[in-house]
Amino acid sequence: MNVGELNERITFRRTDDERETYTDVLTCRGCIKGVSGDETYLANAGFEALSVVTITVRYQLAIMGIDPTKHIAVDRSGAVYDLVSPAEDKGGRHIECVFRARRVFADEERSG
C-alpha cells in the first residue's frame with residue numbers, strides 16, 4: 001500500500017432507524033478509486049447514474065466491524081457512498097482494508 005495515496009478524509013456513518021438519520025462512527029484517511037468508467041442508468045431509481053468505486057483505508061479493528069447494510073461512507077466533499085461489501089483485509093496482513101461501494105448521482109447533480 002502506498003500511504004501517499006491515502007489523501008482523502010473518509011467518514012463512516014451508521015443508521016439505526018428507517019428515517020435515514022446518520023451518526024458519525026469513524027473518520028480516517030483513505031483512497032477512493034473508480035472501478036467502472038461507465039455510468040449506467042438504473043430504470044427503477046428515477047434516472048440516477050451509478051458509479052462503482054473501491055474505498056481503501058488502513059487496517060483497523062473498528063473498520064472490520066462496519067456492516068455495509070447499516071453504514072455509509074462520506075468523503076470530504078460530502079459525496080455519499082453506499083457500501084456494497086464488508087471490509088476485506090487485503091492479503092490478510094492487517095495493513096489495508098478494501099470496501100466496494102457505489103455512489104448514486106441525481107440528474108441535476110450530474111448536469112451542474
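Strand β1 (residues 8-15) and strand β2 (residues 22-34) run antiparallel and pair over 8 bridges; two strands count as paired if DSSP finds at least two bridges between them. Strands here are DSSP runs of E of at least two residues, helices are runs of H or I of at least four, and both are numbered from the N terminus. Within this pairing, Glu 8 stands opposite Gly 30 in β2. The hairpin of β1 and β2 has 6 residues between the strands, and Glu 20 in this hairpin takes a positive phi near 60 degrees.

The model is predicted, so that local features need pLDDT of at least 70 and side-chain atom pairs count only at pLDDT 80 or more, whereas totals for chains, interfaces and linings use all residues. Residues are numbered from 1 along each chain as its sequence is written, and side-chain values use heavy atoms, with hydrogens and water left out.

The chain as a whole has 2 helices and 8 strands, in the order β-β-β-β-α-β-β-β-β-α along the sequence. Buried residues account for 33% of its 112 residues; buried means under 20% relative accessible area, exposed means over 50%, and partly exposed lies in between, with a 1.4 Å probe and protein chains only. Of the contacts between residues at least 6 apart in sequence, 53% join residues at least 24 apart, where contact means heavy atoms within 4.5 Å.

Confidence is given by pLDDT, the predictor's confidence in each residue on a scale from 0 to 100. The chain has a mean pLDDT of 81, and 78% of its residues reach 70 or more. Over residues 37-47 pLDDT stays under 50, and the model has 18 contacts beyond four places in sequence for them. Over residues 107-112 pLDDT also stays under 50, with 9 such contacts in the model.

The structure holds 1 aromatic pair; rings of Phe, Tyr and Trp (its six-membered ring) pair if their centres lie within 6.5 Å, and planes under 30 degrees apart count as stacked, over 60 as edge-to-face and the rest as tilted. The ring centres of Phe 12 and Phe 99 are 5.3 Å apart and their planes are at 40 degrees, so this pair is tilted. It links distant parts of the chain, with Phe 12 in strand β1 and Phe 99 in strand β8 (residues 96-105), 87 residues apart. Both Phe 12 and Phe 99 are buried.

Side chains of opposite charge can pair when their charged atoms come close. A salt bridge is counted when a side-chain nitrogen of Lys or Arg is within 4 Å of a carboxyl oxygen of Asp or Glu, and by this rule there are 5 salt bridges. One of them joins Glu 8 and Arg 76, with the closest N and O atoms 3.5 Å apart. This pair links distant parts of the chain: Glu 8 is in strand β1, Arg 76 is in the loop between β5 and β6 (80-83), and the two are 68 residues apart. Glu 8 counts as buried because its relative accessibility is 15%, whereas Arg 76, at 51%, counts as exposed.

Another salt bridge joins Arg 13 and Asp 24, whose closest N and O atoms are 2.7 Å apart. Arg 13 lies in strand β1 and Asp 24 in strand β2, so this pair ties together parts 11 residues apart in sequence. Arg 13 is partly exposed at 27% relative accessibility, and Asp 24 is partly exposed at 47%. Asp 16 forms a salt bridge with Arg 14, the closest N and O atoms being 2.9 Å apart. Asp 16 counts as exposed at 64% relative accessibility, and Arg 14 as partly exposed at 28%.

Asp 89, in strand β7 (residues 88-89), gives a contrasting case. Asp 89 is buried yet has no salt bridge, and the nearest side chain of opposite charge, Arg 93, is 7.1 Å away. For this search Lys and Arg count as positive and Asp and Glu as negative, while His and the chain ends are not counted. Beyond four places in sequence, Asp 89 is in contact with Tyr 59, Met 64, His 94, Ile 95 and Glu 96. Of these, His 94 lies in the loop between β7 and β8 and has a positive phi of about 60 degrees although it is not a glycine.
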